[in-house]
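The tour goes stop by stop, with something to select at each one.

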Amino acid sequence: MFTKLKKKLAEEAAIAPRPGGAARIPRSISKESITSVGADSGDDFASDGSSSRDDLPSQISRRNDQIRRLEAKLSDYTEQVRNLQRMKEKLELALEKHQDSSMRKLQEQNEMYQASRAKMAEECALSIEKKDQEWLVKLSNLEEEKKKLSEQLEDMKQKSLSLFQKREDLDELEVFQQQEMAKIKHMLLKKEQLLSKAEKDLEVKQREAETSQAELQDSQRLSDKLQEDLQQLQEENSKLAEQRAALVASQEGAEKKITELEQRLQELQDFIQRLSLDLQKAQSAASSSEKRLNEIQDEYETLKLQHEQLKSKMAVEGQEKGALIIRLQEKVRSLEKTLEGTFSGEEGLQQLLKEKAALEVRLDETRQQLSETRTLHAETRTQMESQTSKLNNRLQEMQDLLQQKDTELNQFKDESSLKIGNLEQTLQTIREQLQAREEELKQREEQITTCQSELKSERDKLTHQLHSVRQQHADKVERLEAQVSALESAREIDRTSAQHNISQLEQENASLQERNKDLETALKKLEADQEKMKEELSSRETVSVEIAKALEETRRQKEDLQQQVADLMSAITQNTQEMSLKKEELARKDEEAALLKGDYDAVVLKMQQLQSDLETYKTRAAQSEESAEKHVRDVTEQLQEQREALLASESQVSSLQDEVSTLHERLHGTHEHNGEVAAGDIALLQKENREMEQQIAEKNKTIKQLQQRMAELKKTLQKELRLKPDPEEKLNPADPPAPSLTVTNNADLNDSREINFEYLKHVVLKFMSAREAEAFHLIKAVSVLLNFSVEEENLLKETLEYKMSWFGSKPAPKGTVRPSISKPRMPWT
Amino acid sequence: MYQLNLSDILLFSAAIGFNVETVTYKNLKFQVWDLGGQTSIRPYWRCYYSNTDAVIYVVDSCDRDRIGISKSELVAMLEEEELKKAILVVFANKQDMEQAMTPTEVANSLGLPALKDRKWQIFKTSATKGTGLDEAMEWLVESLKSRQ
Ligand SMILES: Nc1nc2c(ncn2[C@@H]2O[C@H](COP(=O)(O)OP(=O)(O)OP(=O)(O)O)[C@@H](O)[C@H]2O)c(=O)[nH]1
Ligand SMILES: [Mg+2]
């Protein structure tokens, strides 16, 4: 509110130099003016603010001046307020007066209205009396009309006479009807004739049917004949079958014969085989005998060889013996010679003789032996020769036997071959016969089958013919019967239709008569009604015209009154509006005053706060300074004490050292015990000394720390003293800034927010009212203004797309994206 | 009809905000967004940049003081990526006034001759009298058609 006021003031100031400028110009100027106002008020401060904080009292005095100025302004405002209150009182008085006058006017008008109403009532009563009189007149008129109506009644009677005439017409109609009936009867007769014709036709058809039945019988006979033929054929067939059986039997016999023959053949073959076996045996025997013969011959030859060997041996032996004999003879000769030659000695001769005798014996013996061996040999030779002869005999016998057997065999072979040939010939002939028989049989069978098929086909044909003929007949009969039934039904239908027609015509006649009567009565009623209505209408019209006139008059009066009332009301409303405007102005002034007061209070408060702050700061600074100084003093005192203590101890130490040296000198080489004690004292003292020095160092450290703290405290104090005027400096910039986007005045921010709110309102309104295509463009603006997150913006887009498309699914808000009101990011003040 | 519409739009004095109007001119359908020029709502211009074929920049030819702001705003706007291919039409408005700058003055003040990679044209208009709008729209339609 404060900013608004400021703006207003500024605008007042700005409008003066540039009246009638464009609407936008004041807007920008307002910002400038706001800032310039700020500069005016804080001008002096800005110049002094940075100088020092020592001149606070002077600042305060300036503040006070300001305050005084503001107070003066405030007093002006209060005066203004007082004036306004006075004005307000005056206005209230005027208003009361006005209200009184208006009330008076209203009362007068009310009275007027009531008076006029009373007049109206009187007029109405008069008019009603008049109307009563008129009504009486009308009643008399009505009576006259009644008379007229009785006359009309007579007319109606006449009309009834005409009705009678109409009835006559109706009678005529009935006559016509009867004629029509006659016509219909005629038609019926014709139909009956037609029927009789149809019956005749039927009879003809029945005859035809009979003839066809006769034909049927003929065909049945034919079929019987055919069946007989069939039986004959079947008999033939059976005969043939018998023949066939016989043939089959003969065939079987022949086959038996063949088998027998074959058996015989087999037997013969067996026999031949046996013979051949015998032959083989004989041959084998022959071969064996030949082998034996060969063996014997071999033996014989070996024997011969032996014989020859023996012969040769014998010859050799004979030769040797001969040689021996020769030599012995030679010897004998030589000996004899010698004997002869020598003759010397008998003994030698005797011996020689002896030897000759022995040799001769021996020769004899060998000759004997030789003869013996020759005899033996001869014997063996004879034996052998006999043996060979025997063997030769046997051989010849065997050969003879063989020859015999061969001849036998040949003979047998010839015989058997002959026999076989005969048998085979007979077999072939038998087979040929059989084949011929079989062929015959086949032919017969074929004949039979052909005969049977022919028979069957013939039978089928016949049965087919029979069936077709029968069916034809049945169809014909059925057709004829259907025709007959149709004709009969047609006849019946015709009859019923005719009867129906007649009844309908009669009904029509009756209904026509009834309608006639109804029409007559309705006519009468309608005529009566019409007349009555006419009367009423005329009377009513006159009445209504009069009433309308009266109504119009009253309406006019009423309108006049309403206009008066409206005028009064408008006057009242104007007055009240004026009053309200005045009140509003007053309220605004009050508000302004209150605001000014509030501002003044705030400024005073701020001042007070600042003063109190200053004082507190001062006191704090003083306190801190005092404390610091105290501390410093304490510390320095302590230090001095310490130093004194140190000096004292040092002097002690020196004295002690002196003492020690003296003692050393004294006790040099005398008492070691005492020396040791003095040395321990010295060590103790030295320790004490060190401790003291450490303490001093620590004290020095603490002093330094305290001094640092003091310095810090001083700094902070100075800072605080310096900082305090700073915010005021910021509020009052020395140079007026150019109107730009970056101006962030408190008032300006408020202003912009208000504008933004208006803008947001407008954008949202457009977004909701515009078409989808336009709304889609507005999504970004809406989301920027409402600080939507990216997900929220996308959700909006998706929903809009879903609306724009005919299909697709409604996107659900996912994750944290949920349009929530619970945590608004940017609250609008 | 059209001229009436556009001048209506130009004269549309929404206190705060903008106006949307769909206008058909020479068989071309325009969705015209009238964005307010107030300082406080200028930042929201960028919300409407997407899918823009052409920018009609209406300048007060009488306001010599603020033509500089107008220039800087225009330059900032044309730097936007979304408006890279948009055709620029400048209306040097309020030409019915005596103290109005000429279109060339306005063009120079806005720095239009220095624009690169931009199809632009300036037209002198008067929203109150409704003059100059027809030529401007004619040019815009032709350039849009030639672009396609
Ligand atoms: N003489 C004259 N005045 C004009 C012309 N065009 C606009 N105006 C006036 O300029 C003032 C501001 O016009 P607006 O159309 O509201 O301006 P705007 O640019 O739309 O303002 P914003 O929407 O706030 O940006 C109005 O008083 C108009 O009558 C013109 O061609 N000639
Ligand atoms: Mg506008």
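What follows is a walk through some strands, helices, charged pairs and loops of a predicted model.

**Stop 1: a sheet in chain B**

Select strands S3, S4 and S5 of chain B. These 3 strands form an open sheet in the order S3-S4-S5, and their pairing is parallel. Which strands stand at the edges? They are S3 (54–60) and S5 (120–124) of chain B; each has a single partner strand, so one side of each is left without a neighbour in the sheet. Neighbouring strands of this sheet are turned by 20° against each other on average, direction ignored.

Strands of a sheet pair through backbone hydrogen bonds, either parallel or antiparallel. To look at one pairing in detail, keep S3(B) and S4(B), residues 87–93, on screen: 7 bridges join these parallel strands. For one of the bridges, select B:Val59 and then its partner in S4(B), B:Ala92.

**Stop 2**

**Stop 3: a hairpin in chain B**

Move to strands S1 (residues 18–25) and S2 (residues 28–35) of chain B. How do these two strands run, parallel or antiparallel? They run antiparallel, and 8 bridges join them. To find one bridge, select B:Glu21 in chain B together with its partner in S2(B), B:Val32.

Then go to the turn of the hairpin, which has 2 residues between the strands. Select B:Lys26 there, a residue that takes a positive phi near 50°.

**Stop 4: two loop residues with positive phi**

Select B:Asn51, in the loop between S2 and S3 of chain B. Phi of B:Asn51 is near 55°, a positive value in a residue other than glycine. Is B:Asn51 buried or exposed? B:Asn51 counts as exposed, because its relative accessibility is 67% and the class begins over 50%.

Now switch to chain A and select A:Asn787, in the loop between helix H9 (772–785) and H10 of chain A. A:Asn787 is not a glycine either, yet its phi is positive, about 55°. A:Asn787 is partly exposed, with a relative accessible area of 36%.

**Stop 5: helix H10 of chain A**

Stay in chain A and select H10(A), residues 790–804. Its 15 residues, at 1.5 Å a residue, should span 21 Å. The end C-alpha atoms of H10(A) are 21 Å apart, which agrees.

Colour the buried residues of H10(A): A:Glu792, A:Glu793, A:Leu795, A:Leu796, A:Thr799 and A:Leu800. Where on the helix do they lie? They cover an arc of only 160° around the axis, so they are on the same side of H10(A). As background, an α-helix has 3.6 residues a turn, so residues three or four places apart point the same way.

**Stop 6: salt bridges**

Side chains of opposite charge can pair when their charged atoms come close. Over all chains, a search of the whole structure finds 17 salt bridges. The next selections show some of them.

Select A:Arg244 and A:Glu445, whose side chains meet in a salt bridge at 2.3 Å, N to O. This pair links distant parts of the chain, 201 residues apart: A:Arg244 is in helix H4 (residues 56–342) of chain A, and A:Glu445 is in helix H5 (residues 346–667) of chain A. A:Arg244 is partly exposed, with a relative accessible area of 37%. A:Glu445 also counts as partly exposed, at 25% relative accessibility.

Select A:Arg431 and A:Glu262 next; their side chains form a salt bridge at 3.7 Å, N to O. A:Arg431 lies in helix H5 of chain A and A:Glu262 in helix H4 of chain A, so the pair ties together parts that are 169 residues apart in sequence.

Finish in chain B with B:Glu105 and B:Arg64, which meet in a salt bridge at 3.6 Å, N to O. B:Glu105 lies in helix H3 of chain B, and B:Arg64 in the loop between S3 and helix H2 (67–78) of chain B, so parts that are 41 residues apart in sequence are tied together. B:Glu105 counts as partly exposed at 35% relative accessibility, and B:Arg64 counts as partly exposed at 43%.

Definitions and conventions. Residues numbered from 1 in each chain as written. Chains lettered and ligands numbered in written order. Predicted model: local features only at pLDDT ≥ 70, side-chain atom pairs only at ≥ 80, totals over all residues. Heavy atoms only, no water. Pairing = 2+ DSSP bridges. Helix = DSSP H or I, 4+ residues; strand = E, 2+ residues; numbered from the N terminus. Axes fitted to C-alpha atoms, helices over the stretch in contact; angles between N-to-C directions. Expected span 1.5 Å × (residues − 1). Buried < 20%, exposed > 50% of the residue type's maximum accessible area, 1.4 Å probe, protein only. Arc of directions from axis to C-beta. Salt bridge = Lys/Arg side-chain N within 4 Å of Asp/Glu carboxyl O.
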